[in-house]
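Please read the following paragraphs with the sequence and the model side by side, moving from charged pairs to a surface patch and then to a loop.

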Amino acid sequence: MYSADDHRYMALALRLAELGLNSTSPNPRVGCVIVRDGEVIGEGWHQRAGTSHAEVHALQQAGAAARGATAYVTLEPCSHHGRTPPCADALIASGVARVVAAMRDPNPQVAGRGLVQMEAAGISVDCGLLEEAARELNIGFVSRMTRGRPWVRSKAAASLDGKTALANGVSQWITGPAARQDVQAWRARACAMLTGVGTVLADDPQLNVRDIETTRQPLRVVVDSQLRTPPGAKILRGGALIVCANDDAAKRQALQEAGAEVLALPGVDGRVDLACLLQTLAEREVNEVMVEAGAALNGALLAAGLVDELVLYLAPMLLGDTARGLFELPAMRSMEERKNLILRDVRQVGNDMRVIARVS
């Protein structure tokens, strides 16, 4: 169905889409290539929300030569008025003869309507070329549109025997500079950083993007059932969302005066309702959440089935049985209760090993 050239041009469109990895949120990352007579006459990628989409940039570059050409786009062109006009209309008006989309848009406002609209206008439409790669590029957007919650990626650094800190809490530094720099790239693509109050009290982290050029900082979110976050905590600089279970007017006011937003989402046993929190973040158009927390919050998210992916940095050292582990999980009585993982990528980063795994 698809030629070698089709694959080559869609691969180019995907590389263009990746240029928006850190900047398009809450919109998807999209690239577009327009080809006529074997020559690329237009290229474009979506740069940030509120600006022109990839198709518009590519059509502007192609100009009148777009008539009769083929457009390769990594996501079905939109058919509704959002922050910008519909791209399906722009492609129809340009006179392109064929549109090849990598995947249908999971947004219910589009969901195939753009493809139908272009086909009705006489354009030859194909969909599904390099779909898996396109889906991976926008895995958070797809998750928010289809599941009503963001894609949750939990990052942790540990020794080879799975320990994240000594028994006394000392943890800096388990991994080396290269691994810590790699973490910044994951933060840059995230829409929100999630941690627990225990990490705030122990490490006083900023959880912002550093040493990488970025047009935005992710939202910082702290799970803090009893509002124990100090008003002077570094994570509050520039604003943060503090999510509690037991509201306290005086503590709330102090945190708000320090620049935080306080949200009460009580669950069972005096804890924050984590599923409700993720749903709330999705309603705020958060696509990808990166968790950097201790064993308690990591374990609670994993036990609740709310972690989609693990990014583990393993350092070539051993810390022993008394050191702190990765996840606090209920005791398992049989192997059937284990948490199975699917390895996606294993590679060396500096002197450490990075393992990316999906929760099965």
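Does R354 count as buried, or as exposed? With a relative accessibility of 9%, R354 counts as buried, where buried means under 20% relative accessible area, exposed over 50%, and partly exposed in between, computed with a 1.4 Å probe and with protein chains only. This is a predicted model, in which local features need pLDDT of at least 70 and side-chain atom pairs count only at pLDDT 80 or more, while totals for chains, interfaces and linings use all residues. Residues are numbered from 1 along each chain as its sequence is written, and side-chain values use heavy atoms, with hydrogens and water left out.

Side chains of opposite charge can pair when their charged atoms come close. R354 has such a partner in D345, with which it forms a salt bridge whose closest N and O atoms are 3.2 Å apart; the term stands for a side-chain nitrogen of Lys or Arg within 4 Å of a carboxyl oxygen of Asp or Glu. By this rule the model contains 20 salt bridges. Another of them joins D247 to R252, with 2.5 Å between the closest N and O atoms, and D247 is partly exposed at 41% relative accessibility.

A further salt bridge pairs R344 with E136, again with the closest N and O atoms 3.2 Å apart. This pair links distant parts of the chain, since R344 lies in strand β15 and E136 in helix α5 (residues 131-137), 208 residues apart; helices (H or I, at least four residues) and strands (E, at least two) are DSSP runs numbered from the N terminus. Both ends are partly exposed, R344 with a relative accessible area of 40% and E136 with one of 27%.

Strand β15, which covers residues 341-349, also holds V346, a partly exposed residue with a relative accessible area of 47%. Together with L343 and M353, V346 forms a nonpolar surface patch of about 280 Å² accessible area. Such patches consist of residues with over 30% relative accessible area and no salt bridge, with nonpolar side chains (Val, Leu, Ile, Met, Phe, Trp, Tyr) joined within 5 Å and like charges within 9 Å, and the areas come from the Shrake-Rupley method with a 1.4 Å probe, only the protein chains shown counting as cover for residues.

Finally, P205 sits in the loop between α8 (197-203) and β9 (219-223) and is buried, at 16% relative accessibility. Leaving aside residues up to four places away in sequence, P205 touches T199, V200, K234 and I235, contact meaning heavy atoms within 4.5 Å.
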